[in-house]
Structures are given as structure tokens and as C-alpha cells.
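User: I am new to this structure and would like to go through it with you. Could you show it first?
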Amino acid sequence: MVYTSQQRTETWTQRIEIPVLLDPSIIRAARQIYRTYSEVHPDRVQRPLGVAIDRYTCRGKLIFNNKPILLPQECFVPLSQIESEIY
């Protein structure tokens with residue numbers, strides 16, 4: 001048996017958020033997808049967490065689930081990054 005302290009376990013499970021630098025064209029495409037959604041559905045209460053977007057075609061979809069599953073050519077653009085330059 002191996003015993004570990006509770007403190008070490010808590011430190012190990014904490015996630016460190018490292019900012020990801022994305023191609024500006026990816027961010028523009030994600031912003032356009034989100035803007036279109038906001039204009040078409042102004043009465044929606046649930047906000048998306050971000051946009052999953054294909055790096056090659058710049059097609060994407062809004063993500064509402066906490067654990068998005070991305071295809072190898074996709075990247076996730078969080079809503080905070082999309083909204084940071086809208087206003």
C-alpha cells in the first residue's frame with residue numbers, strides 16, 4: 001500500500017489555466033459564429049461556454065457542455081476570449 005497526504009492530492013488535482021494563443025482568423029471566425037447566434041436567438045438564457053472551430057475550414061459550433069469533445073483538427077475558443085474584444 002502507498003499512503004499519500006491529502007495536501008499533495010489536492011495540489012495534484014488543481015488545474016492551471018495557461019492562456020492559449022490562437023490564430024486571429026480563428027478568433028474572428030468564432031466571434032462571427034457567436035455574434036450570429038446572439039442575433040438569431042436574443043431571448044436565449046443559456047450562454048455557450050465557447051466555440052469549437054475547425055482550424056482549416058473555420059467552420060464551428062457553439063459548445064454548451066462542460067467537457068467538449070474536439071476532433072483533432074478542431075480547437076476550442078472560450079467565450080471569455082471571444083467577448084474580450086467585442087465590447
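User: Where is Arg31 placed?
Analyst: Arg31 is in helix H2. Helices here are DSSP runs of H or I with at least four residues, and strands are E runs of at least two, numbered from the N terminus. This is a predicted model: local features need pLDDT of at least 70, side-chain atom pairs count only at pLDDT 80 or more, and totals for chains, interfaces and linings use all residues. Residues are numbered from 1 along each chain as its sequence is written, and side-chain values use heavy atoms, with hydrogens and water left out.

User: Is Arg31 buried or exposed?
Analyst: Arg31 counts as buried, at 10% relative accessibility. Buried means under 20% relative accessible area, exposed over 50%, and partly exposed in between (1.4 Å probe, protein chains only).

User: Which backbone oxygen lies 3.1 Å from a polar atom of its side chain?
Analyst: That of Ile82 lies 3.1 Å from a polar atom of the Arg31 side chain.

User: What about the core, how many residues are in the largest nonpolar one?
Analyst: The largest nonpolar core has 14 residues, and those with the most contacts inside it are Ala30, Tyr34, Val51, Ile53, Val77 and Ile82. Such a core is a set of buried Ala, Val, Leu, Ile, Met, Phe, Trp, Tyr and Cys residues joined through side-chain atoms within 4.5 Å.

User: Where does Cys58 sit, then?
Analyst: Cys58 is in the loop between S1 and strand S2 (60-63). Its phi is near 60 degrees, a positive value in a residue other than glycine.

User: New topic: how many salt bridges are there?
Analyst: There is 1 salt bridge, meaning a side-chain nitrogen of Lys or Arg within 4 Å of a carboxyl oxygen of Asp or Glu. Glu83 forms a salt bridge with Arg47, and their closest N and O atoms are 3.1 Å apart.

User: Which parts does the pair tie together?
Analyst: Glu83 lies in helix H3 and Arg47 in the loop between H2 and S1, so the pair ties together parts that are 36 residues apart in sequence. Glu83 counts as buried at 17% relative accessibility, while Arg47 is partly exposed at 48%.

User: Last one: what is the overall order of elements?
Analyst: The protein chain has 3 helices and 3 strands, and from the N terminus on they run α-α-β-β-β-α. Of its 87 residues, 25% count as buried.

Conventions
A polar contact is a pair of N or O atoms within 3.5 Å; within protein, one must be able to donate a hydrogen and the other to accept it, and residues adjacent in sequence count only if both atoms are side-chain atoms.
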